[in-house]
Amino acid sequence: MSETETSEPEHLPEVLLTQKPTLFALYGEDSFTSNKFRYLKTYESSLPLHQFLTTHAHSVQAILSSVNAPVTVDILRHLPNMRVVVTTSAGLDQIDHPECRRRRIKCRRRGIKVTNSGTVYSADVADLAVGLLIDVMRNISVSNCRVKQGLWSTNGDYDYPLGFKLRGKRVGIVGLGKVGSEVAKRLEGFGCDVSYNSRKQKPRVPYPFYEGVLELAADSDALIVCCGLTDQTHHLVNKEVLSALGKEGIVVNVGRGAIIDEKEMVRCLMEGEIAGAGLDVFENEPDIPADLLALDNVVLSPHCATFTSESLKDLSELVVGNLEAFFTKRPLLSD
């Protein structure tokens, strides 16, 4: 199909896609379509990205972004009429917010609105966070592998590692936002003592608040990272924090990989300075340090905390709803 050929009506407003969203493959592109807009897919064009953007510079007002499709300064500066970025993710670190807010001429700003997935994913991510914690503490994955390998001894020998009881454990949550709050509710049901660190103390929250992550780690048996990635949270969980967590401490990350100093975490795991880790996110996805793959006390998942059929359905409705709201000049459904 040529650059001018399209099966959609030409008058429909255009939504830019710089990469094919993973969600299209998981849930079907039809679930994210509407008769109120059409997608411009750079990945189906033979044109270089900058030329494609120049060609459509004045027609594109919206971008559909995902974790693997960043919205950069270079992209935005090719699109003078851009007005909204709709994302399929909870985190927004893939978007250049300063450029979205940048002054254009005189006192005018670009004023590009940015929406995220709202609360669509919160329960699912919280479920996986607690699941990873239980898996690491009770050695579920490593026991599963040994049983499947026929290593269940029947002669009285027991060479499986002993696990940890979850009840009564002190669990520190880094980031008591939508996901962190859901994690806390689940941990209460398991009889854990919950505390947290956030940018600010939350009003009417019954859990102890720590101003610093270092102090939180020192008083915790496990840390669960739920915050977003910003300049302030990059490598927030560093050598000092991991050392404070201690030799029986466990770290779980369902936020973003770069919130933890990955190299330092790997070293601590290999040298026994912390007891284990449950990780859904990594610093350089999809590349995972080879040393992590060989450790029995580490449970890994491929950034899939949000992937449930129920949430994908809800997300498709939210994404389409946000785009339709924008093009019909109604309030956005999430921000």
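A residue is called buried here when its relative accessible area is under 20%, exposed when that area is over 50%, and partly exposed in between (1.4 Å probe, protein chains only). Cysteine 227 is buried by this rule, because its relative accessible area is 13%. Before we go further, please keep in mind that this is a predicted model: local features need pLDDT of at least 70, side-chain atom pairs count only at pLDDT 80 or more, and totals for chains, interfaces and linings use all residues. Residues are numbered from 1 along each chain as its sequence is written, and side-chain values use heavy atoms, with hydrogens and water left out.

**The cysteines**

A disulfide means a pair of cysteine sulfur atoms within 2.5 Å, and the structure holds zero of them. Cysteine 227 is in no disulfide, and its nearest cysteine sulfur, in cysteine 226, lies 7.9 Å away. What about cysteine 268? Its sulfur is 18 Å from the closest cysteine sulfur, that of cysteine 227, which is too far for a bond. Cysteine 268 is also buried, with 0% relative accessibility.

**The sheet**

Helices (H or I, at least four residues) and strands (E, at least two) are DSSP runs, numbered from the N terminus. Two strands pair if DSSP finds at least two bridges between them. In general, strands of a sheet pair through backbone hydrogen bonds, either parallel or antiparallel.

In which order do the six strands of the open sheet stand? The order is β7-β6-β8-β9-β10-β11, with parallel pairing. β7 (193–197) and β11 stand at the edges with a single partner strand each, so one side of each has no neighbour in the sheet. Neighbouring strands are turned by 15 degrees against each other on average, direction ignored. For such angles, axes are lines fitted to C-alpha atoms, for helices over the stretch in contact, and angles run from 0 to 180 degrees between N-to-C directions.

| Strands | Bridges | Partner residues |
|---|---|---|
| β6 and β8 | four, parallel | isoleucine 173 and isoleucine 224 |
| β8 and β9 | four, parallel | valine 225 and asparagine 253 |

**Helices and crossovers**

Contact means heavy atoms within 4.5 Å. Helix α5 (residues 122–138) packs on the sheet and touches β6, β8, β9 (250–253), β10 and β11, with its direction at about 150 degrees to that of β9. Helix α10 (residues 262–270) lies across β9, β10 and β11, and runs at about 140 degrees to β10.

A crossover is right-handed if, with the strands pointing away from the viewer, the path from the first strand over the helix to the second runs clockwise. β8, α9 and β9 make a right-handed β-α-β unit. The chain then crosses from β9 through α10 to β10, and this crossover is right-handed too.

**Backbone details in the loops**

Histidine 235 has a positive phi of about 55 degrees although it is not a glycine. This histidine 235 is in the loop between β8 (222–225) and α9 (239–245), and is partly exposed at 24% relative accessible area. Histidine 303, also not a glycine, has a positive phi of about 50 degrees; histidine 303 lies in the loop between β11 (298–300) and α12 (309–327).

Which peptide bond is cis? The one from glutamate 285 to proline 286, with omega near 5 degrees. Proline 286 sits in the loop between β10 (276–279) and α11 (290–293).
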